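Hello,

Here is the structure I promised to pass on to you. Please open it first, and then read my notes below alongside it.

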Amino acid sequence: MTDKERYAKLVDRTQWWGSQMLIYGVHVHVGLDHVSKAMPVLDGLVNHFPHFQALSASSPYWNGQDTGYASQRALMFQQLPTAGLPFQFPDWAAYESYVQDMFTTGVIDAHNEIRWDIRPVAGLGTIEMRICDGMSTLAEIGAVAALTQCLVQDFSDTLDDGGTIPTMPPWHIQENKWRAARYGMDAIIILDAAGKEQLVTEHLVELLNKLEPVAAKLGCADELASVENIIATGASYQRQRRVAAAHQGELRAVVRELVAEMASNQALYPPKVQPVGSLFGQDHQFQVVTQTTGHVDALRGHHPLGLNAVPQCDQACRGTLGVDARAQPAFLGER
């Protein structure tokens, strides 16, 4: 357990649920160049919640039992106060009003106690994608980071061109989360407010092709293309179940396989089918996005309640492309 006062207070407040939070996730921060983009970009990422959940799902087991879900973590984490799907707001002022209400009513004592699956982080000038389960290879983390970065850049470009980001009603969004947590890569997801549906992997293929020019601009084409490798070999929850089936349900074999994957940086267990050909017409090497050029001062001076405490960004993460992507693991308590 992470030895921090905030986590001890969390467990004291939430009791049994808080004590169950032995979970692992991957959080990706992407910088924005203007505060007005924060809420529309959050809406855009919410629309793609099931894509991230399906690709990263890696928690089918709990207490030695197969839950039948691709991601037990997704449903476990949302039991905490202020965790789960974000509310959607028309603008930054409406979000600030919500934060003030949370302080006034004692729901939170600090901004980072808003533990949404996607949230703005005013102190860094970023939007933070927190949907993903922990993944066992850096290649998979790089793929998810690139997909996040490219989506945010695409949304930012749309807003710069005077466009808008479509939204879905909250009942569609909630259903998408459940479907992705339950069925993972086999989820049929809702795509728009009209209720159009499609298999998540099919829509991912379309999305990768759409984002290819964005990835080329950002210098993460290889990482984005490696999303197809997850589709081909299976997400972690699928690989874990194949290993368990091959070892008569022995979960220690699953743990050994995950350790081996992390050490080798590749999914080792063979898929049920042969990998599909490259979506982009060529094979790609795995490279992990750690940071690219961009700005992380979008929300500087726009901290809820007027807190202007955003540190200056180091020179290494600044540039001209407008987006900065950083992936960070989050352990017990998922900050």
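**What turned up**

The side chains of serine 136 and glutamate 261 are joined by a polar contact of 2.6 Å (a pair of N or O atoms within 3.5 Å; within protein, one must be able to donate a hydrogen and the other to accept it, and residues adjacent in sequence count only if both atoms are side-chain atoms). Before going further: this is a predicted model, in which local features need pLDDT of at least 70 and side-chain atom pairs count only at pLDDT 80 or more, while totals for chains, interfaces and linings use all residues. Residues are numbered from 1 along each chain as its sequence is written, and side-chain values use heavy atoms, with hydrogens and water left out.

Serine 136 sits in the loop between β7 (126-133) and α7; helices (H or I, at least four residues) and strands (E, at least two) are DSSP runs, numbered from the N terminus. With 9% relative accessibility, serine 136 counts as buried (under 20% relative accessible area; exposed is over 50%, partly exposed in between, with a 1.4 Å probe and protein chains only). Leaving aside residues up to four places away in sequence, serine 136 touches Arg239, Leu258, Glu261 and Met262, where contact means heavy atoms within 4.5 Å.

How many disulfides does a search of the whole structure find? The search finds zero, taking a disulfide as a pair of cysteine sulfur atoms within 2.5 Å. Cysteine 150 is in no disulfide, and the nearest cysteine sulfur, that of cysteine 220, is 3.6 Å away. Cysteine 150 is buried at 0% relative accessible area, and cysteine 220 also counts as buried at 0% relative accessibility.

Lastly, α6. Trp92, Tyr95, Tyr98, Val99 and Met102 are buried in this helix. They cover an arc of only 115° around the axis, so they lie on the same side of α6; the arc is that of the directions from the helix axis to the C-beta atoms. Their cover includes α3 (38-47), β5 (115-116) and β6 (118-121).

Best wishes
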